[in-house]
Amino acid sequence: MSGEVTVTGFGVRTAFGTGADALRRGVFAGVPAFTPTTRFDTGPYRTPMAAAAPDGPDAVEGWALRHALAECGTEGLDMAGLPSGTEAAVLLGTVGDTTSITHHWQAAAGSAPGAGEAMERAADAVPAHLAEQLAGGLGLTGPRLTFTNACVASAAAIIHACRLISSGRIDVAVCAGAYLVEEATFGKFDSGRALSRDGMVRPFSVDRSGLLLGDGVAVVVLESAEHARRRGARPLVNVVGWGAATDAHHIAQPHPEGAGLAAAARQALRLAGDADGSTLGYVNAHGTGTKYNDAAETRGLRAAFPERAESIPVSSTKGTTGHLLQAAGVVEFVITMLAVMDGVLPPTAGFTRPDPECDLDYVPNSPRPADLRRALTINAAFGGANTALVLERP
Amino acid sequence: MTTGNVDSVEKAGEAGKAREAENAEKAEKAENAEKAVLRSPLGILATATATHGTGGDDDTPLPRLSGFVESVFSPLAYEVSRRCLTERPGDGSRTAVVLASLQGDTTTEDLAGQRMVAGRVHNPLLFMQATANSVLGYLSREFRITAQMFSLSTLDDPVTELLAMADLLLEDPELDRVLVLGVELGGGERVAAVHRELAAGTGRPEPDTPASAGLAAAVLLGRPGAEAPVSVRPAEPYDVADHAENPGAAGHSGSIQGLFDLAAAHRRLLRHGGSHLLATDPAEWHGPAAFTLTAHAPGTNETESHAHQ
């Protein structure tokens, strides 16, 4: 690695609200945000539950995804002290605003309340268009690229930014991810019987029954450490390792031994100069709360650092936020960053009883103080894609 | 003496200016090298293209993939990838894959959306195949690819983005090859509305691909060398300047036509040798990028200039 990568700003929004303090009150307190959602008729589905924020003036029926990205982007750039006109890459993880697809077909069927509006924002369904809108709205010049690889999309955007910065190609990257709960995706997960049956997400618990979706939007400002030093910006955390690997196993299920996840984690740790994970004090797991994922992930973590796995606290914050899909990588990056900055581990909420197949220290239900030097955040996705990022206290 | 001194001073001054100019030139070159789309040449190991439902010569029967229904997106992606990976087998643990598609699998998305609006039960198979990750997962299993796989959406020319991505990934000593591919579906009225909105005020055309048609192209890239008889590198500035005087028409947003042009040039260079200038559509944040493809095997000294449209 030729150049160090540091984080100088962020903006975040979840069902708990906007900003880091909302995460501290919700995620770090172990409070699940699941309620019956009123954004659409949940009658046809097996559960009405999701971690969706109460709808405000920029609710899903409007331009919500675009607005939320702009809001988090402005917050992130303000914190970083970077002005409009900055040359920065904009790297976004999203599959587009799928509400515009739903509205199109509602309009075509004559069942849409705002058919005209739906037709005016057809392009918001295009992932790359949202990156253009974000870059344009923030006044950033530089390359734009959108990652669409499902639940690792925004983690992939961060990894790409790290590569661009560490290789000296760019100085600043604004990385983002966005998902807001909507019916099309909700229906698909329901049809795949992936949603929790008891209205809670219970990662790593023996009685876990599935995931629930949640709102998540976040922007992080990554910068070369030298660039940040030159302009006197305060580094919040450094990113010292990253990795990505594939399971080569199944189109939708994880490898039962967590092979790709272990490979991604090992790659990230090697880059961080800590092949056996001896400097790690915390792992923010993908932990979806599904039978398949959590057991496989546990085995993958054991394979990644066999000597250390039992002594490193691991938690999944999806028990509070729900699964944020394309935004999971960047929101959980922010949560991991706060853990390092605050010295507090967020708990695995909703945990009831241990599963013999999930036998690590999952920080059940209550936050835990910890003097962290480094932490690892992991994500996985359909197609067997896995990502890992190592964060370090400056 | 004085004259000599003056001369010396002047010469020293001239030499200093020359050094300054040289240093400035070096700095500019270094800066340009850092900003160039490609830092190093890439070797082209294999290319493949396939179309479905266009009525053109490239139309091909597509494989049936277990678990994938209704849409040609995944079969097209798989078919062009399969051809490249079969033609040039390699170590899957050192092979990365990057798929670019402006809108992804619009057939699946629209089908799922229409069913939902009509109050029909969601089809779990549409859930499974909704993301491009799914076909990448299928591909990874078939070819034992365990390195990283990404999927992208870009409004710019995917050729530029994919070559840049391969260039960056091949700096990783754990990788030897990057398979890049693009997939584009015709789409129906919603996709047409999207393109109308994207094209408004840009001067870009809207695509004329038939609604039920699909296109895909793949390029297997590695580091240049004996295994890659054709290499691709950034074009020299004078080539680009020559081309800029007569630029080709810009394609529609995210068009993968450039990948087809790259594949056609690769095939031609393998047969006849020579070199080929491939210019890409200008991006919002930079001008047009241009690449030179060069055959290293003996052949004729053909030089072509071609802008894809």
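The model described here is predicted. Thr294(B) belongs to strand β8 of chain B, which covers residues 290-295. Is Thr294(B) buried or exposed? Its relative accessible area is 18%, and the cut-off for a buried residue is under 20%, so Thr294(B) counts as buried.

## Gly53(B), a loop residue

Gly53(B) sits in the loop that runs between β1 (42-52) and α2 (73-87) of chain B. With a relative accessible area of 39%, Gly53(B) is partly exposed. When neighbours within four places in sequence are left aside, the contacts of Gly53(B) are Asp59(B), Pro210(B) and Ala213(B).

Gly53(B) can also be compared with Val72(B). The two are 19 residues apart in sequence, and their C-alpha atoms are 9.7 Å apart in space.

## Strand β4 of chain B

Which strands pair with β4(B)? One is β2(B), residues 95-100, which pairs with β4(B) in the parallel sense over 6 bridges. In this pairing Thr95(B) stands opposite Arg177(B). Another is β5(B), residues 214-222, which runs antiparallel to β4(B) and is joined to it by 9 bridges. Here the bridge partner of Leu179(B) is Leu220(B).

## Strand β7 of chain A

In chain A, strand β7 takes in residues 172-179. Of its 8 residues, 8 are buried, so β7(A) is largely enclosed by the rest of the structure. Both faces are covered: Val172(A), Val174(A), Ala176(A) and Ala178(A) lie on one side, while Ala173(A), Cys175(A), Gly177(A) and Tyr179(A) lie on the other.

β7(A) pairs in the parallel sense with strand β5 of chain A (residues 89-93), over 5 bridges. Leu92(A) stands opposite Ala176(A) in that arrangement. β7(A) is also joined by 8 bridges to strand β8 of chain A (residues 216-224), and these two run antiparallel. Across them, Ala173(A) stands opposite Leu222(A).

## Helix α3 of chain A

How many of the 10 residues of α3(A) are buried? The count is 8, and the helix is described as mostly covered. The buried residues are Thr99(A), Ser100(A), Ile101(A), Thr102(A), His103(A), His104(A), Trp105(A) and Gln106(A). After the helix comes Gly110(A), which has a positive phi, near 75°.

## Where the two chains meet

Chain A and chain B touch through 58 residues of chain A and 54 residues of chain B. About 5000 Å² is buried between them, and carbon and sulfur atoms give 62% of this area. Trp105(A), Arg169(A) and Ile251(A) supply 16% of the area that chain A buries against chain B, more than any other three residues. Trp105(A) is also one of the buried residues of α3(A).

There are 4 salt bridges across the interface of chain A and chain B. In one salt bridge the side chain of Arg169(A) meets that of Glu171(B), at 2.8 Å from N to O. The interface also has 18 residue pairs in polar contact. Several elements of chain A each supply at least two residues to the side that touches chain B, among them α3 (99-108), β6 (144-147), β9 (237-246) and α9 (259-271). Sorted by class, that side of chain A has 28 nonpolar, 20 polar and 10 charged residues.

## A strand pairing between the chains

Strand pairing also crosses from chain A to chain B. β6(A) is joined by 2 bridges to strand β3 of chain B (residues 149-153), and the two strands run antiparallel. Within this pairing, Phe147(A) stands opposite Leu152(B).

Notes. Residues are numbered from 1 along each chain as its sequence is written. Chains are lettered from A and ligands numbered from 1 in the order in which they are written. This is a predicted model: local features need pLDDT of at least 70, side-chain atom pairs count only at pLDDT 80 or more; totals for chains, interfaces and linings use all residues. Side-chain values use heavy atoms; hydrogens and water are left out. Contact means heavy atoms within 4.5 Å. Buried area is the accessible area (1.4 Å probe) that two parts lose on being put together, summed over both. A polar contact is a pair of N or O atoms within 3.5 Å; within protein, one must be able to donate a hydrogen and the other to accept it, and residues adjacent in sequence count only if both atoms are side-chain atoms. Helices (H or I, at least four residues) and strands (E, at least two) are DSSP runs, numbered from the N terminus. Ala, Val, Leu, Ile, Met, Phe, Trp, Tyr, Cys and Pro count as nonpolar, Asp, Glu, Lys and Arg as charged, and the others, Gly among them, as polar. Two strands pair if DSSP finds at least two bridges between them. Buried means under 20% relative accessible area, exposed over 50%, partly exposed in between (1.4 Å probe, protein chains only).
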